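Hi,

Here's the structure I promised to send over. Have a look at it first, and then read on for what turned up.

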Amino acid sequence: MDFQLIWRITPFVLEASLLTIQLTVCSLAIGLVVAAVVATGRFSRVTPVRWAATVYVSIMRGTPLLVQLFIVFFGGPQLGFELTPFLAGVLTMGFNIGAYMSEGIKGAIISVEKGQTEASRSLGFGRFDTMRLFVLPQAAPLMIRSLGVNTVILSKSTALVSTIGVVELTYSAQRFVTSTYKPFEVFAVAGAAYLAIVAVISLTVRGVEYLFTSKGEVPA
């Protein structure tokens, strides 16, 4: 084990980790918007809208993220648009994870007992108010848990953007391996950085989930 090498490359790995975090945050922001729109479409009473949302989820979940990334980055210029590697990565991961997150939102809403909705409607609340005041508060903890899991997956999926030249954590590690020929030490440091990122995400999700449950917004 070359501890001197580990000490020497750690600052550079930490710097690359910041770009990984940026990729995760930007993709997550896009993914949340996409998830909200798609989940709304899945519950729409308009059949074409519901079908379109279902087809979108099927396509995004049924094809590898790497293939989607290559289509956007390498195939984009053929269709008339050319994106930077960072932007291509953020958009592709955002729209991809949005499909998965929409399923988590849908599942959390469906898990709420139907009697809650029926009772609300019998009291005169409209469809929107029923969802806002009764269903969503009860589904929120499950949504948070699901969104947290998908965020962890997203943070690890950022490694794929190294294939299109984004100098994030994995790409940086690969360059060090090429120059040092010591893959164990280099990828051990990179793995520790990923573990730290995932730990922060997990703790944040647990904190948010605890706030929802401790305030009594949902039944215990």
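Predicted model: local features only at pLDDT ≥ 70, side-chain atom pairs only at ≥ 80, totals over all residues.

Let's start with helix α1, which covers residues 3-42. Its axis and that of α7 come within 8 Å, crossing at roughly 150°. Angles over 145 degrees count as roughly antiparallel, so that is what α1 is to α7. The crossing of these two helices is right-handed. On the α1 side, the contact is made by Leu5, Arg8, Ile9, Phe12, Val13, Ala16, Ser17 and Thr20; α7 brings in Leu169, Ser172, Phe176 and Thr180. Sorted by type, the residues of this α1 and α7 contact come out as seven nonpolar, four polar and one charged.

α1 also meets helix α4, residues 85-111. Here the axes come within 6 Å and the angle is roughly 45°, which makes α1 oblique to α4. This crossing is right-handed, too. The contact of α1 with α4 involves 19 nonpolar, seven polar and three charged residues.

Now for the loop. Tyr181 sits between α7 (169-180) and α8 (183-214). Is Tyr181 buried or exposed? Tyr181 has a relative accessible area of 70%, so it counts as exposed, the cut-off being over 50%.

Cheers

Technical notes:
Residues numbered from 1 in each chain as written. Heavy atoms only, no water. Helix = DSSP H or I, 4+ residues; strand = E, 2+ residues; numbered from the N terminus. Buried < 20%, exposed > 50% of the residue type's maximum accessible area, 1.4 Å probe, protein only. Axes fitted to C-alpha atoms, helices over the stretch in contact; angles between N-to-C directions. Parallel < 35°, antiparallel > 145°, perpendicular 65-115°, else oblique. Left-handed = near helix turned anticlockwise from the far one by under 90°. Contact = heavy atoms within 4.5 Å. Nonpolar A, V, L, I, M, F, W, Y, C, P; charged D, E, K, R; others polar.
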